[in-house]
Amino acid sequence: MDPSLYKDLSIDDLQYHYYYHPAKSAGLPTLLFLHGFPSTSDHWVNQVVYFSSKGYGVIAPDMLGYGGTSKPVDVEPFVATSLATHCVAILDTEGIQKALVVSHDWGTAVASRLANLWPERHLGTVFISVPYSPPDPNSSGESRIKFAKEQIGIDLFSYWKFFASDEAPRIISEHEESFYSILFTSEHALWRSDVSPEGALEKWLLEDKKAPLAAWAPNKDKFMKSFKAGGWRAPTNWYKSFMQGRLAEGDKAIPQDRYKLTLPVLVVATLHDAICIPELARRGTAATCTNGTVRDIDTGHWAMFEKPDEINALIDEFLTGL
């Protein structure tokens with residue numbers, strides 16, 4: 001991605017760093033890409049190259065805590081509705097009235113609140129791996145962990161507790177090679193055995209284990225450099241805020257008639273994702289999106305790396321049909 005196309009914007013005393021490739025003509029759409037944990041805007045490179053080559057506009061911010069964007073050490077700024085407001089500020093700055101919002105992982109939390117609060121700013125919205133999450137002002141991380149166990153019968157999300165702990169940033173920093181290998185492993189099942197269960201990921205890191213690395217893994221040196229510079233406190237604050245119930249704090253102000261989405265929604269279910277399992281995506285979309293479609297892709301969690309051409313085709317087909 002061309003470094004000269006990055007911009008900086010001050011929003012609510014925070015600095016946002018974002019990539020902006022304007023559309024070649026006024027009639028072409030703009031896509032807003034929102035990444036998750038642990039990523040940067042650069043992880044959308046395959047999508048940015050593809051859609052900008054078609055003349056479309058592309059905006060890809062480094063989300064709060066990542067890359068060139070501010071990295072707060074406290075959890076106060078990590079509220080999904082506030083983060084959605086920051087995205088609207090970027091759209092306003094670039095004069096974009098409507099965009100196709102494409103999100104992955106924690107980026108879907110922000111995309112969800114964008115859809116609740118500003119449906120008129122959407123052409124549609126795409127959720128990859130993690131589906132739309134309706135407002136739930138009384139939720140907590142513990143309640144979500146318990147709910148998944150009861151509904152699916154699997155301890156999918158107890159790893160959240162580790163990421164939300166005070167020790168996590170130090171442990172990850174001291175074992176970054178181990179962490180990188182389990183993040184981008186070719187063996188998707190390792191996430192079920194060595195990430196999901198409570199204490200499993202911490203044990204993996206402290207033992208400095210290494211997982212087989214996928215051929216599609218992002219550039220390791222670039223990844224390491226990005227997080228060496230900023231550390232892991234701010235990225236893990238997404239989890240800390242969620243576990244404390246703070247991430248959903250702004251949900252209290254969202255009217256209940258906004259909970260169910262009526263705008264066009266595409267959910268891309270990653271079939272080999274051992275944590276964000278397709279069953280949850282299907283159930284959630286059917287219950288909360290009146291104009292929702294679920295499409296499968298034969299990948300693990302990192303679909304944009306593993307099968308970029310297929311992801312691009314799914315997004316492009318959805319966009320063309322709007």
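1. Ground rules. This is a predicted model, in which local features need pLDDT of at least 70 and side-chain atom pairs count only at pLDDT 80 or more, while totals for chains, interfaces and linings use all residues. Residues are numbered from 1 along each chain as its sequence is written, and side-chain values use heavy atoms, with hydrogens and water left out.

2. The largest pocket. A pocket here is an open set of points on a 1 Å grid over the protein atoms alone, where a 1.4 Å probe fits and protein lies on both sides within 12 Å along at least five of seven lines; lining residues have an atom within 4 Å of a point. Of the 37 lining residues, V130, P131, Y132, S133 and R144 are the closest to the centre. Helix α12 gives the largest share of this lining, six residues. By class, the lining has 23 nonpolar, eight polar and six charged residues; Ala, Val, Leu, Ile, Met, Phe, Trp, Tyr, Cys and Pro count as nonpolar, Asp, Glu, Lys and Arg as charged, and the others, Gly among them, as polar.

3. The second largest pocket. Here you will find about 400 Å³ of space. Its lining is made of 24 residues, with Y6, T40, D42, K222 and S226 nearest the centre. The largest share, six residues, comes from α10. Nine lining residues are nonpolar, eleven polar and four charged.

4. The sheet. Eight strands make an open, mixed sheet in the order β1-β2-β4-β3-β5-β6-β7-β8. Its edge strands, β1 (6–11) and β8 (292–297), each pair on one side only. Helices (H or I, at least four residues) and strands (E, at least two) are DSSP runs numbered from the N terminus, and two strands pair if DSSP finds at least two bridges between them. Strands β6 (residues 122–128) and β7 (residues 265–270) run parallel, joined by four bridges.

5. Aromatic pairs. Rings of Phe, Tyr and Trp (its six-membered ring) pair if their centres lie within 6.5 Å; planes under 30 degrees apart count as stacked, over 60 as edge-to-face and the rest as tilted. The count comes to 33 pairs. F33 and W44 have ring centres 5.0 Å apart and planes at 40°, so this pair is tilted. F33 is buried (under 20% relative accessible area), at 0%, and W44 is buried at 1%. For F37 and Y239 the centres are 5.0 Å apart and the planes at 85°, so that pair is edge-to-face.

How values were computed:
Buried means under 20% relative accessible area, exposed over 50%, partly exposed in between (1.4 Å probe, protein chains only). Grid points are joined across faces, edges and corners, and a volume is the space filled by probe spheres set on the points.
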